[in-house]
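I kept the entries in the order in which I looked things up.

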Amino acid sequence: MKKLELLMDAQGIDLTLNRMAHQVLENNRRLDNVGIVGMQTRGVYLARRLAEKINQMAGLHLIAGILDVTFYRDDYRQVFKQPKVQVTDIPFDINGQDVILVDDVLYTGRTVRAALDAIMDFGRPKTIQLAVLIDRGHRELPIRADYVGREVKTAVNQEVDLYVKEKDGEDALWLLQTE
Amino acid sequence: MALSIQHLLGLEGVSKEDIILILDTADGFYSILQRAIKQVPTLRGKTVVNLFYETSTRTRLSFELAEKRLSANPIGFTAQQSSVKKGENLRDTIRNIEAMKIDMVVVRHSSPGVPLFLTQVTDAVIVNAGDGSHEHPTQALLDMMTIRQKLGRLAGLKVAIVGDILHSRVARSNAWGMSAMGMDVTLCGPPTMLPQHPEGLPVKTTDNIDQAIQGADVVMLLRLQLERQGAGLFPSIREYRERYGLDLDKVAKLKPDVVIMHPGPINRGIELASNVADGPRSVILDQVTNGVAVRMAVLYLLGGGVEE
């Protein structure tokens with residue numbers, strides 16, 4: 001895979017997350033009812049940072065939950081493509097909550113569809129809102145994000161990858177060409 | 001991630017990587033079992049036949065629950081209530097069932113080799129739920145999952161399996177699986193109940209229980225099949241219990257954090273004293289819970305088709 005363009009550097013990511021945190025606060029007046037859930041794998045890191053920023057801005061103590069959707073995917077018949085199943089840990093009661101789902105990239109929408117099914121199996125949230133760092137288009141299902149860091153036009157033979165300090169040593173959002 | 005095997009016929013020859021993948025996936029399913037809705041849509045639309053020619057409580061219910069929790073469609077077959085009583089043979093039985101368009105077969109049979117035979121006469125994915133004294137791979141997998149849960153690791157642990165080793169498919173599957181994971185396994189029982197040619201298995205055998213359980217991290221008891229008493233394999237139940245049964249006196253000589261296991265059903269007061277079976281070191285009920293998770297993992301990893 002070839003790196004084509006640096007879509008966001010570390011500072012850009014941080015500024016964008018600041019703005020998104022403000023948007024979440026603006027949209028959700030009842031902050032004691034908000035629950036943040038990050039999607040494995042990189043959505044989890046973003047969710048934690050978003051939660052930290054919201055906590056700082058509003059004096060709260062939200063903890064980001066973790067959601068793995070491997071068992072809810074619609075391509076489960078293609079076992080050889082399956083990622084390894086990872087931890088799911090949602091440390092709060094979903095019922096009646098405004099759940100903010102966080103992921104790095106919104107593409108076809110199928111992963112979000114799986115996440116909606118997974119969340120519903122935990123209980124009945126009041127709302128589910130979606131926050132993504134990048135919306136790269138090419139939706140295959142009627143799914144949309146409530147909070148978008150940036151919209152980027154991409155081709156199908158391209159990929160958008162988020163690198164995070166915690167896992168990859170640096171924060172960077174790259175557009176790549178798949179071979 | 002996928003398994004390198006297409007069916008689960010036994011643990012002999014199964015790689016460490018495959019075992020780890022099953023155990024890790026089972027951990028994922030274990031957390032599903034803690035939720036209010038203990039179901040995922042993963043095997044939706046798949047039909048699984050539970051072909052049980054032998055009686056069973058745990059294994060049968062466990063597989064059925066695993067199948068339902070994966071949203072698959074399980075159907076049960078009990079030989080005693082079928083045309084097997086009219087003399088229909090195994091091949092015809094399975095070919096007829098397959099003609100109803102099924103995807104997977106979970107089979108328990110008293111003849112060793114039946115699961116392998118089924119792979120040759122049907123296209124369905126086959127999972128061995130116990131074939132004679134040969135293998136019971138999902139039991140060994142749930143045993144290893146339980147040990148890993150309680151002790152945090154597998155490699156290097158010392159395991160003693162005590163009982164009627166000769167007739168035990170649980171002992172055999174554990175011998176293969178635990179050796180693949182680098183565990184130190186000793187099979188122990190009266191000389192009449194040990195295999196004649198133990199060199200075929202990658203483990204130690206002994207009739208000396210004190211030696212076998214000394215310093216063990218895990219002690220697993222096997223059910224004494226009381227029906228065998230008439231066959232002269234042990235002088236009396238009382239003598240078996242005194243020499244090979246696990247009671248508090250023997251437990252006192254073990255490590256303080258030893259894990260005590262039994263595949264069930266237990267003969268209380270014979271191979272295992274009640275106060276040990278119900279005591280703090282016993283993980284017997286955890287084994288049963290983990291059994292559903294392990295079976296979900298096996299069915300998921302084998303049943304997820306090769307459609308590309």
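**Chain A: size and make-up**

I started with the radius of gyration of chain A, which is 16 Å; a compact globule of 179 residues would have a value near 16 Å, so the two agree. I noted that the model is predicted, so every value here is computed from predicted positions.

I then took the box around the C-alpha atoms of chain A, and along the principal axes this box is roughly 45 × 40 × 30 Å.

I looked up burial next: of the 179 residues in chain A, 39% are buried.

Residues 24 or more positions apart account for 68% of them.

Along the sequence I read their pattern as β-α-β-α-β-β-α-β-β-β-α-β.

**Chain B: the sheet**

In which order do the four strands of the open sheet in chain B lie? I read the order as β2-β1-β3-β4, with parallel pairing. The edge strands are β2 (73-78) and β4 (125-131) of chain B, and each of them pairs on one side only. From one strand to the next, the twist averages 15 degrees.

I followed the pairs one at a time. Strand β1 (residues 47-52) of chain B is joined to β3 (residues 104-109) of chain B by five bridges, in the parallel sense. Within this pairing I picked out B:L51, whose bridge partner in β3(B) is B:V107.

β3(B) and β4(B) also run parallel and are joined by five bridges. Here I noted B:V105, which has B:I126 as its bridge partner in β4(B). Between these two strands the chain passes through helix α4 (residues 114-121) of chain B, and this β-α-β crossover is right-handed.

Is β4(B) mostly covered or uncovered? I found it mostly covered, with seven of its seven residues buried.

**Chain B: the domains**

I found chain B divided into domain 1 (16-134 + 288-303) and domain 2 (137-286). Their centres, taken over C-alpha atoms, are 26 Å apart.

Where the domains of chain B touch, 19 residues of domain 1 are in contact with 18 residues of domain 2. On the domain 1 side, the elements that give two or more residues are α1 (16-32), β4 and α11 (284-303) of chain B. The largest share of that side, seven residues, comes from α11(B).

Technical notes
Residues numbered from 1 in each chain as written. Chains lettered and ligands numbered in written order. Predicted model: local features only at pLDDT ≥ 70, side-chain atom pairs only at ≥ 80, totals over all residues. Pairing = 2+ DSSP bridges. Axes fitted to C-alpha atoms, helices over the stretch in contact; angles between N-to-C directions. Buried ≥ 20, exposed ≤ 12 C-beta atoms within 10 Å, placed from the backbone. Right-handed = clockwise from strand over helix to strand, strands pointing away. Rg over C-alpha atoms; globule rule 2.2 N^0.38 Å. Contact = placed C-beta atoms within 7 Å. Domains from an automatic or database assignment.
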